[in-house]
Amino acid sequence: MRFSTMATFSAVVASSMGAVAAFTSRSAAPRFAARASTARFMSDNGPMPHDEKKMPFYALGVNLAKQMGGQTNFKTLLEEDELDIALQGFGETLKGTSVQDGNVVLATYGSALNEILQERTGRIVERVKKDGAEYIENFLDCNDEAIKTDSGLVYYSMVEGTGAQPTSANTVEVHYHGTLTDGTVFDSSVQRGQTISFPLGGVIKGWQEGLAMMKEGGKCTLVIPSDIAYGDAGSGDVIPPGATLKFEVELFKVSAA
């Protein structure tokens, strides 16, 4: 593969790790993406690293980092000294102080970079999938009434509903609380204090299958393996590649799309 520009590097990382688009907002459904933090939210959680005049430029750096795969992904893929070298290349190229032409560097070492990223990403994804499979088995062992379907979905009814049962053609109103297997919350309408409505056919397969097993008024836990969630791509820097997801879902209303 021939590398000609720095943009190609970004594309390589984005395709394998799921880059976040610049300064965009995302709705909770169907992607359940995390919402962008506001300046007020950030300031409530600690001091800013610079004063008000300098913070917009710091924000530019944060945005560029997120576009290239997200801080968490790079910290997972690279050793600390490797990350320092990558930041050196980024800074020198941006400032125009590099001792070597960037196109030459990419043409010479782009293939090696691809191989390193693909090999390391593959190892991480397989480990995450294995951890997810173990989590599912443990969940089934601890919850005798849980059902594992042919797709790998685990459905555990917490409250049986008595109303309408949705299909992928319906719009549903729900509360949900989504976590990774380590308990990390990646999205939650419960925490936001507001239910959400969306076409069931527009969300991940695990949700389509799981909610079709519910009735209005019901509440359940869904444990969704990556194959019917976000797969090997994950979702930005919020949901890792290969991740198994756990949702607590309460179904309030089923209506026509």
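**Figure 1. Phe198 in strand 5 of a predicted model.** Phe198 is found in strand 5, which covers residues 196-199; helices (H or I, at least four residues) and strands (E, at least two) are DSSP runs that are numbered from the N terminus. Because its relative accessibility is 4%, Phe198 counts as buried, where buried means under 20% relative accessible area, exposed means over 50%, and partly exposed lies in between (1.4 Å probe, protein chains only). Between the C-alpha atoms of Phe198 and Ser255, which stand 57 residues apart along the chain, the separation is 10.0 Å. The model is predicted, so that local features need pLDDT of at least 70 and side-chain atom pairs count only at pLDDT 80 or more, whereas totals for chains, interfaces and linings use all residues. Residues are numbered from 1 along each chain as its sequence is written, and side-chain values use heavy atoms, with hydrogens and water left out.

**Figure 2. The protein chain as a whole.** The secondary structure of the protein chain amounts to eight helices and seven strands. Of its 257 residues, 35% count as buried. The protein chain exposes about 14900 Å², of which carbon and sulfur atoms supply 53%; accessible areas come from the Shrake-Rupley method with a 1.4 Å probe, and for residues only the protein chains shown count as cover. When contacts (heavy atoms within 4.5 Å) are taken between residues at least 6 apart in sequence, 70% of them join residues at least 24 apart.

**Figure 3. Ile124 and the residues that touch it.** Ile124 belongs to helix 6, which spans residues 102-142, and with a relative accessibility of 17% Ile124 counts as buried. Leaving aside residues up to four places away in sequence, Ile124 touches Thr76 and Leu77. Although Ile124 and Thr76 are 48 residues apart along the chain, their C-alpha atoms are separated by 8.3 Å.

Figure 4. Side chains of opposite charge can pair when their charged atoms come close. A search of the whole structure finds five salt bridges, each defined as a side-chain nitrogen of Lys or Arg within 4 Å of a carboxyl oxygen of Asp or Glu. In one of them, the side chains of Arg120 and Glu82 meet at 2.8 Å, N to O. Arg120 lies in helix 6 and Glu82 in helix 5, so this pair ties together parts that are 38 residues apart in sequence; Glu82 itself, at 26% relative accessibility, counts as partly exposed. Another salt bridge joins Arg123 to Glu119, with the closest N and O atoms 2.5 Å apart, and because these two residues are four apart in helix 6, about one helical turn separates them. Glu119 is partly exposed, its relative accessible area being 42%.

**Figure 5. Glu137 and Lys148.** Glu137 and Lys148 form a salt bridge whose closest N and O atoms are 3.6 Å apart. Since Glu137 lies in helix 6 and Lys148 in strand 1 (residues 147-148), the pair ties together parts that are eleven residues apart in sequence. Glu137 counts as partly exposed at 39% relative accessibility, and Lys148 counts as partly exposed at 45%.

**Figure 6. Ala133 and Ala243.** Ala133 is placed in helix 6 and, at 41% relative accessibility, counts as partly exposed. Ala133 and Ala243 are 110 residues apart in sequence, while their C-alpha atoms are 9.9 Å apart in space.

Figure 7. Glu79, Glu80, Asp81 and Asp84 form a negative surface patch. Patches are made of residues with over 30% relative accessible area and no salt bridge, like charges being joined within 9 Å and nonpolar side chains (Val, Leu, Ile, Met, Phe, Trp, Tyr) within 5 Å. Glu79 sits in the loop between helix 4 (71-77) and helix 5 (80-95), and at 51% relative accessibility Glu79 counts as exposed.

How values were computed
Lys, Arg positive; Asp, Glu negative; His and termini not counted. Charge placed at Lys NZ, Arg CZ, Asp CG, Glu CD.
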